[in-house]
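Student: Could we go through this model together? I would like to start with the overall picture and then look at details.

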Amino acid sequence: MKNEPPRWAYRLLSWFCAPHLLEEIQGDLHERFLRNARLFGEREARWQYGWEVLQFLQPQFLKRKPDYSPKPHATDMLRNYFKIAYRTILQQKSYSFINVTGLALGLAACILIFLVVRNELSYDAFNRKADRTYRVTVHGLDYNPSVSFAVAPAFRTDFPEAEQVSQFLYQREAQIQVGNEKFLEESFAFADGSFPQVFDFEWLSGNPKTALREPNNIVLTQTMARKYFGDVDPMGKTVRLDNEKDLRVSGVIRDLPSNTHLNFNFLVSWETVRKDMNLKNFWSIQGGYLYVVLPEKLQPKRVEARFPAFIRKNWGQEIAKDAALLLQPLREIHFDKRYLTQITMPRSKETIYGLAGVALVIILTACINFVNLATAQAVRRSKEVGIRKALGAFRGQLVGQVLGETTLLVGMATVLALLAVLAFLPFTKPLLDIRLDASQLAEPAVIAIISGIVLITILLAGLYPAFIQSGFQPIKALKARATDTSVSGMTVRKGLVILQFAITQVMIIGTLVVASQMDYFVNQDMGFEKEAIVSFWSGNKADVMRQKLKGNPGVEQFSFASAGPAFNFNFTPFSSPELGMAEDDVTELKLVDENYIPMYQLEMTAGEPITKKVEGDTTNNVVVNQTLIRRLGIQKDADAVGKRVRVAGAQAIIQGVVRDFQSESKHKKIRACVLTYNSRAFWQTSVKLKPQNLRETLTKIEQDWTELNPESIFRYEFVDEHIAKLYMQEEKMYNAFRLFSGIAIIIGAMGLFGLVSLMAVQRTKEVGVRKVLGASVASIVLLFSREFIWLMLIAFVLAAPLAWYGMDLWLREYAYHIQIGPAIFLAAILVTFVIAAVTVSYQSIKAALVDPVKSLRSE
Amino acid sequence: MRRSYLGEFEEVVLLTVAVLAEGAYGVAITDELDRQTGRTVSISAVHAALHRLEEKGMLKSHLGDATAERGGRRKRLFSVTVLGSRTLHDIRAVRQQLWDSISPQGLPVVSL
């Protein structure tokens, strides 16, 4: 006889019955069961029991009363976690501050870089037909984004399947007159009627289909419209372009987005200038961008394959031999480094990915800080963990708690980071040459990615400390200080510190390399004089201007030429059948006067400099640079004098040789250069000013010039400023580098600071004992620093080759670059040492100075 | 006078608790009812009535000792509160008053 009530009924009862009633009911039933079993037998008793249980199925026995013993709800524990987190944050202000600011800086940099990268990668994507729009470019002696105006009409005839063919001619500057007011405007373009069908700009007024069809029409961007006409509707109003043409406003578009390779303040209809253009020759100085939209299924390769025949048919075999037309996908234009001379400088994808890499490194540094500080901190909280475990916390709950605290800190950091990004956005344009608006932050894709970054940060920063902290043995954790000596994760922490040092050093080396390359660009010997030389458009009546300049006491020297040394302007083919060079090569042709060589201090290595030619002199004497004669196979400069060359299709005699000077930016190798006298091409006036009274002299020149050219605005540029402008792209990149590596270094230093301060607190007693036993302050500081110096050296061994490899790769993009010498590495390690020393020594000196009586008194 | 609502069964249970004095708990009450009234009472009905009465404040309870025959579970022992006692007295008084008001001829007498 089992004497047990039926299991099912028992279970049923315990399941449905309210807990506060269960015991008495079970007891009563059990009692009756036993009695029934005795009186009527087990079977009957079981029946009875079951029946009685079922009878208890009444609402009042199901109803739960509030429990007498507290059973914590899930939210109660959460509340506790929050309370503890809040207390920890408050209790350890410096630790929390370092963590939150470090993370905020890291996140801010990350978000900013993400916005930049996103902007870069989305270039020209806003055009609906972007994936089948191509720019027709030409590859002859060089890659050239502009093709002759002759190509567009021929293309229309021979490729009727092209959906759109659009001619676009960019101009650097223009003078606009509205009423009596004159404006000097940068960048505008002539564009034909199909242009609005290729590029989807936002039209505020005017009809995009017709606005650019008629001659003498102008389409303004919103900013320009407001500048010229204020709040008045500009449609149908007239503006005057370059004192020549009256244009009617036929449309207004919204300002261009930041992510387009185009750049213009207004568009003038192509018809306005078409009749002035050379529409026949394939090789022509005149040329513009040609955009074509291909039909949906047409492979660009198949169009490109027909180009040789197309050139042959329209311009003959001779041209076809040297030239090739290419289709450059619209979305690639921004990244194609082969085309250096275009409206907006291309940026290599490597630079952009490099920037993304920097973002990754920064967020990693911030996370390492967090992990380091949290694991060091975990020791302090071992008691809390021990108690929690003793009270029955599961490991999962402890992991959750730490992750929750991490989330709280990261959340605070995110808010700070977003505020920082908002505050920084207006500076992205001047600093990085990228326009970003706050509205981009609200886009769903951006929000999703930022949340992703935040989530990853939480996991990166929180998971490891969570597992360390939750893994403490409760007994060990509760035994005070037992964990101090055997901190788990100490080696991991060392590894992370090494990684962080390495990152910092790579950043420092990178910044130093970029800095010295920048310095090399701007300050290194260009082969010509560039100080205090100002150049401007010669304008009308150059002869009168010449007299005026002679009379100006502040002018040291002046020269008329087609272009200054660093202004590349005019390329032309050259060869020398006499010296066995039949094939054409390309040379720069500068048309200069007799003052050019002395003023720019170009060094003659052989022969005679340029002399003035009188009208009617038909001799063709030229001065060439060393690169050109080397190309001809002449090694000794003096041997070149008197030799014949063909330049631009004409015979010329070399009368002198100049030492190579930088005629373009340092991105490219110095090319062959020919200087010759030609008074018809003296478009540019360059004046060397005396250093005294520079302003007055310039004002005087401006007055004289404006007197001669009353309808124009005087615009000048200093040569050294012009040279600096050539390296704008690098300057921006340098800025970005400085900014972000600065952030990485700050984060790293903050982490180190926090780590040392935690260490100092943990070792207070040890320091006290050491001092009592006679240790000096210096030896204690050394005790703290020694370890970090070792870690730093190990990090350097890792960082140096990596940085060298990366920066060498970057430098190779430039034809002329510095060599990465040991000085840079030495400087890097010195800088890291100083940073580490400053951060470590503050805390360690503070720890070393504590009176041992105080630190040893308690406990 | 405020009327106290007591059902007939509740009243009987309450009285039984009073009868059992110290040892009033579920099983004992059920058995006593069985014995005194001769009707079969289900244990759940008794429990329900007891708890209702406790909610009404007529009974109070405490947990007693555990016994082996209950599988180690404690009994809930009930006792009548002052309110319960007054209510019982009230009911009894009303009844008494009613009995007293019945004229001798008012009720048919069962004759032998």
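Student: What share of the 859 residues in chain A is buried?

Tutor: Buried residues make up 38% of chain A. A residue is buried if 20 or more other C-beta atoms lie within 10 Å of its own, exposed if 12 or fewer, and partly exposed in between, with C-beta atoms placed from the backbone. Please note that this is a predicted model: local features need pLDDT of at least 70 and side-chain atom pairs count only at pLDDT 80 or more, while totals for chains, interfaces and linings use all residues. Residues are numbered from 1 along each chain as its sequence is written, and chains are lettered from A and ligands numbered from 1 in the order in which they are written.

Student: How many helices and strands are there in chain A?

Tutor: Chain A has 32 helices and 22 strands. Helices (H or I, at least four residues) and strands (E, at least two) are DSSP runs, numbered from the N terminus.

Student: How do the axes of α6(A) and α14(A) cross?

Tutor: They come within 9 Å and cross at roughly 165°. Axes are lines fitted to C-alpha atoms, for helices over the stretch in contact, and angles run from 0 to 180 degrees between N-to-C directions. That makes α6(A) roughly antiparallel to α14(A); angles under 35 degrees count as roughly parallel, over 145 as roughly antiparallel, 65 to 115 as roughly perpendicular and the rest as oblique. The residues of their contact divide into 21 nonpolar, 6 polar and 1 charged. Ala, Val, Leu, Ile, Met, Phe, Trp, Tyr, Cys and Pro count as nonpolar, Asp, Glu, Lys and Arg as charged, and the others, Gly among them, as polar.

Student: What about the axes of α30(A) and α31(A)?

Tutor: Those axes come within 9 Å and cross at roughly 150°, and α30(A) and α31(A) are therefore roughly antiparallel to each other. The residues of this contact divide into 17 nonpolar, 4 polar and no charged.

Student: Changing topic: is Ile253(A) buried or exposed?

Tutor: Ile253(A) counts as buried because it has 24 C-beta neighbours inside 10 Å. Ile253(A) is found in strand β8 (residues 245-253) of chain A. Ile253(A) and Leu204(A) are 49 residues apart in sequence and 5.2 Å apart in space, C-alpha to C-alpha.

Student: Finally, how many residues of chain B are in contact with chain A?

Tutor: 15 residues of chain B are in contact with 16 residues of chain A. On the chain B side, the largest share, 5 residues, comes from α3(B). The residues of that side divide into 3 nonpolar, 6 polar and 6 charged.

Terms used. Contact = placed C-beta atoms within 7 Å.
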